[in-house]
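The sequence and structure come first.

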Amino acid sequence: MKRILLPLFAVFVIAACNQKTTNTESETADSAGVAKTDSTCCSAKLPKRFGVIPGVDSLGGGDNQAKASHDGMKFIPAGEFMMGASDNEGRPDEYPAHEVAVKGFWIDETEVTNAQFARFVKATGYVTLAERKPDWEELKKQLPPGTPKPADELLQPASLTFKKPTKQVNLNDVSQWWSWTEGASWKHPQGPKSNIIGKDNYPVTQVSWEDAAAYAKWAGKRLPTEAEWEYAARGGLKNKKYPWGDEDLTKGKIKANTWQGEFPYNDLKTDGFSSVAPVKSFAANGYGLYDMSGNVWEWTADWYTSDYYKTLKGKQDNPKGPATSYDPEEPTVPKKVIRGGSFMCHSSYCKGYRVSSKMKSSIDTGLENTGFRCVAD
């Protein structure tokens with residue numbers, strides 16, 4: 001059944017990264033002779049989730065059910081910074097770098113954990129998208145006209161899980177390591193036989209944008225804008241590549257939970273983890289925030305458009321992103337920006353752990369390497 005889903009839903013969640021490289025780096029071959037192009041990344045061209053979510057509140061706020069507690073949050077003072085890539089390592093949607101001013105705000109010092117999300121579910125009875133049976137009426141809105149309805153047994157609650165290959169594979173074929181898994185959810189992030197027992201302090205994953213926004217609303221918070229997220233990730237540093245500065249990830253002490261070795265089949269686990277790590281496993285940045293690089297991708301409030309930065313004029317004051325989503329590769333699929341990279345990022349494939357790096361994901365998709373954190377005013 002899992003094999004059927006991949007070709008059936010030939011619409012993708014996250015399009016190619018289009019990693020910008022020098023001419024000598026734009027295409028190389030691995031030891032197996034498989035070409036590595038500059039359009040691949042650790043979360044590229046994933047099979048799409050089963051349906052759209054209408055009537056989305058872009059910031060995930062408003063009509064809050066609780067007053068936000070600032071426990072476990074850090075205050076980020078107002079300031080200005082250059083947003084976007086200022087070197088030649090960025091992807092096309094990271095340019096041009098532009099001046100942004102942000103107001104002061106509070107932000108979670110860690111990604112939202114399993115324990116925190118469990119309290120939300122217990123208090124509200126909330127059911128995540130990965131736990132719901134797909135709605136064909138919503139699904140077909142994003143598929144070509146005339147697409148036949150799949151068999152009912154295929155429309156079952158599921159989510160995307162990472163399956164490490166046993167050898168090097170074609171990096172342009174993500175079905176070699178991502179697969180739909182029935183029963184995968186935030187409580188069972190690698191599938192029904194997995195669980196989160198003893199992992200209260202791990203980031204919650206397999207949550208869609210809608211799930212993250214629902215949690216934020218319940219907590220009296222909201223999801224960060226892309227500008228807020230990047231400003232916080234920089235930790236007060238100016239024009240640096242990473243939350244810790246410019247030192248390469250492989251130099252000095254271990255700085256983040258990423259992939260070491262050959263992606264996606266050989267993880268050396270030099271950082272001590274083969275998958276998601278507990279929050280606060282690595283040093284915080286200058287603002288006292290953990291895992292702003294690596295571990296899991298994080299949802300933001302902003303819609304994704306590929307040329308958004310190019311449309312801006314002058315200094316931006318508390319930007320909230322484009323009014324709507326538009327990805328030319330998938331014009332009908334609403335997407336939000338995700339930030340920060342994950343445990344699957346490697347320099348040979350995806351440097352998503354750079355502070356200016358961004359990805360895009362369908363708002364109804366959960367992944368084993370994607371979570372979130374919240375902000376409050």
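## Ring pairs and the cluster

Rings of Phe, Tyr and Trp, the last taken by its six-membered ring, pair if their centres lie within 6.5 Å. The model is a predicted one. Ring pairs join Phe117, Phe120, Tyr126, Trp186, Tyr215, Trp218 and Phe372 into a cluster.

## Two tilted pairs

Planes under 30 degrees apart count as stacked, over 60 as edge-to-face and the rest as tilted. The rings of Phe81 and Tyr231 have planes at 35° and centres 5.2 Å apart, so this pair is tilted. The pair links distant parts of the chain: Phe81 belongs to strand β4 (residues 79-83) and Tyr231 to helix α5 (residues 226-234), 150 residues apart. Phe81 and Tyr231 are both buried.

The pair of Phe120 and Trp218 is also tilted, because the planes stand at 50°, with the ring centres 5.4 Å apart. Here too the pair links distant parts of the chain, with Phe120 in helix α2 (residues 114-124) and Trp218 in helix α4 (residues 209-218), 98 residues apart. The cut-off for a buried residue is under 20% relative accessible area. Phe120, at 2% relative accessibility, therefore counts as buried. Trp218 has 23% relative accessibility and so counts as partly exposed.

## Charges over rings

Two lysines are placed over aromatic faces. Lys199 lies over the face of Tyr202, at 5.4 Å from the ring centre. Lys336 lies over the face of Trp303, and the distance to the ring centre is 3.7 Å.

## A four-stranded sheet

An open sheet is formed by 4 strands in the order β14-β13-β11-β15, with mixed pairing. β14 (358-362) and β15 (370-371) stand at the edges; each has a single partner strand, so one side of each is left without a neighbour in the sheet.

For β15, the pairing with strand β11 (residues 297-303) is parallel and runs over 2 bridges. Trp297 stands opposite Thr370 in β15.

## Chain totals

The protein chain has 5 helices and 16 strands. Of its 377 residues, 56% count as buried. Among contacts between residues at least 6 apart in sequence, 76% join residues at least 24 apart.

The accessible surface of the protein chain comes to about 15,500 Å². Carbon and sulfur atoms account for 51% of that surface.

Methods. Residues numbered from 1 in each chain as written. Predicted model: local features only at pLDDT ≥ 70, side-chain atom pairs only at ≥ 80, totals over all residues. Heavy atoms only, no water. Pairing = 2+ DSSP bridges. Buried < 20%, exposed > 50% of the residue type's maximum accessible area, 1.4 Å probe, protein only. Lys NZ or Arg CZ within 6 Å of the ring centre and 35° of its normal. Contact = heavy atoms within 4.5 Å. Areas by Shrake-Rupley, 256 points an atom, 1.4 Å probe, with all protein chains shown as cover.
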